[in-house]
Amino acid sequence: MKTTFIADLSGEQNITTFFLVHEKEIRNTREGKSYLRLSLGDRSGIIEARMWDLFEAVAKDVSRDDFVKVQARVELYRDRPQLAILQLRLAKPEEVDLADFLPHTKEDIGKLWAQLLEFANGIGSQWLRQLVLGILNDPAIAARYKRAPAAKVMHHAYLGGLLEHVVSLCGLGKQIAAHYPEVDADLLLTAAILHDVGKLDELCYDRSIGYTAEGQLLGHIVMELDTVHRAMDAIPGFPAPLRTVVDHLLISHHGEYEFGSPKLPMIREALIFHYMDDLDSKLSAIRTALAADSGEPLWSAYSGALGRKFLKLDEYLKGS
C-alpha cells in the first residue's frame with residue numbers, strides 16, 4: 001500500500017514506494033553513457049526519474065502503464081525534486097490500489113450525477129430531453145460518464161473530471177439563458193451534456209490517462225456524432241432540422257478550425273456554448289496551476305495548457 005506521494009517530496013530524502021510508469025526510454029549522456037529515464041506518477045502528480053547503473057535487466061521487464069516499486073534518492077534539480085533510482089521492480093497486483101495512482105475529482109460523484117439528471121429532466125423540449133436521457137440512461141454510457149476525465153492534460157484531467165465539467169457548464173448555461181432571454185436554454189443544456197460524450201471512447205483511463213487508437217485516429221467530435229445519431233434514430237419522428245442544429249452545436253464547440261472544429265459557430269447558442277466551454281476549461285487549468293507547488297511565493301506553477309504562470313492574487317494583495 002502506498003504511503004508516500006509525489007506531492008510530499010520537498011527535499012533530499014530516501015524513499016521506497018510505488019509508482020505508475022507514464023514514460024520509459026533509454027537515453028545517453030553527452031559522454032555516451034546509457035541510462036534509464038522514467039516519468040513516474042501517482043494521484044498527486046508526476047516526477048522525473050533516472051536509473052544510472054544496473055538498469056538493463058529491469059528495463060526489459062518494465063513498460064509504460066506498469067506499476068513499479070522503487071527505492072530511490074530524492075534530489076533537487078533546478079529547485080524541483082527528481083528521483084535517482086537505486087532499485088526497481090514490477091509491483092505485485094496485491095501491492096497496489098488503483099485509487100493511489102490516478103487523480104480524482106474532489107466532488108461527490110453521486111451528487112454530481114444527480115445534478116446532471118436534474119438538468120437533463122429540466123430540458124423543456126421533449127425531443128432534446130428524450131435524446132439526452134436516452135444517452136444518460138444507457139448503463140454502459142452512465143458508468144463511463146461518471147468515471148471519465150475531460151481531457152488528458154488540458155483541463156479537468158482526472159477521474160470524474162468530465163462529469164464535473166459538464167455539471168458546471170449546465171449551471172453556467174442556465175445562468176446565461178436567464179440573463180439573455182432570447183437564448184434557448186434547452187440547446188445550451190443539450191450541448192453541455194453531449195459535447196464531450198465522444199471522450200468516453202476517445203480516452204482510456206484504466207491506469208494512466210491517454211488516448212485510444214480510435215481516439216487518436218478520429219477524435220471525440222467525430223466519435224460522439226455516431227453516439228448521438230444512434231440515440232436520435234431511436235426516437236421516432238425526431239425532427240430533421242433539430243438534428244442538424246444539435247450536430248452543429250457539437251461540431252462547432254471548439255470554436256476555430258485550428259482547434260479541431262470542422263465548422264465555426266453559426267448560430268447564437270453555438271457561439272455562446274463555445275465561450276462557455278472555453279471559459280470553464282481555462283478556469284480549470286488555472287485552478288490546477290495555482291494548486292501546484294511552484295517554488296515561488298507569488299506565482300503559480302507554469303500552465304502548459306495556457307502557456308503562462310498566474311499571480312497568486314490573495315498572496316499579492318496581503319502585501320498591499
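**A loop serine and its surroundings**

Analyst: Leaving out neighbours within four places in sequence, S300 is in contact (heavy atoms within 4.5 Å) with A289, L290, S294, K309, F310 and K312. This is a predicted model, where local features need pLDDT of at least 70, side-chain atom pairs count only at pLDDT 80 or more, and totals for chains, interfaces and linings use all residues. Residues are numbered from 1 along each chain as its sequence is written, and side-chain values use heavy atoms, with hydrogens and water left out.

User: Where is S300 found?

Analyst: In the loop between helix 11 (268-291) and helix 12 (313-318). Helices here are DSSP runs of H or I with at least four residues, strands are E runs of at least two, and both are numbered from the N terminus.

User: Is S300 buried or exposed?

Analyst: Buried, with a relative accessible area of 0%. Buried means under 20%, exposed over 50%, and partly exposed in between, using a 1.4 Å probe and protein chains only.

User: Switching to strands: how do strand 4 and strand 5 pair?

Analyst: Strand 4 (residues 67-77) pairs with strand 5 in the antiparallel sense over 10 bridges; pairing takes at least two DSSP bridges. Q71 stands opposite Q87 in strand 5. Their hairpin has 2 residues between the strands, and R78 takes a positive phi near 55° there.

User: And which way do strand 3 and strand 5 run?

Analyst: Parallel, with 2 bridges joining strand 3 (residues 45-51) to strand 5 (residues 80-90). R50 stands opposite A84 in strand 5.

User: What's the mean pLDDT of the chain?

Analyst: 90, and 99% of its residues reach 70 or more. pLDDT is the predictor's confidence in each residue, from 0 to 100.
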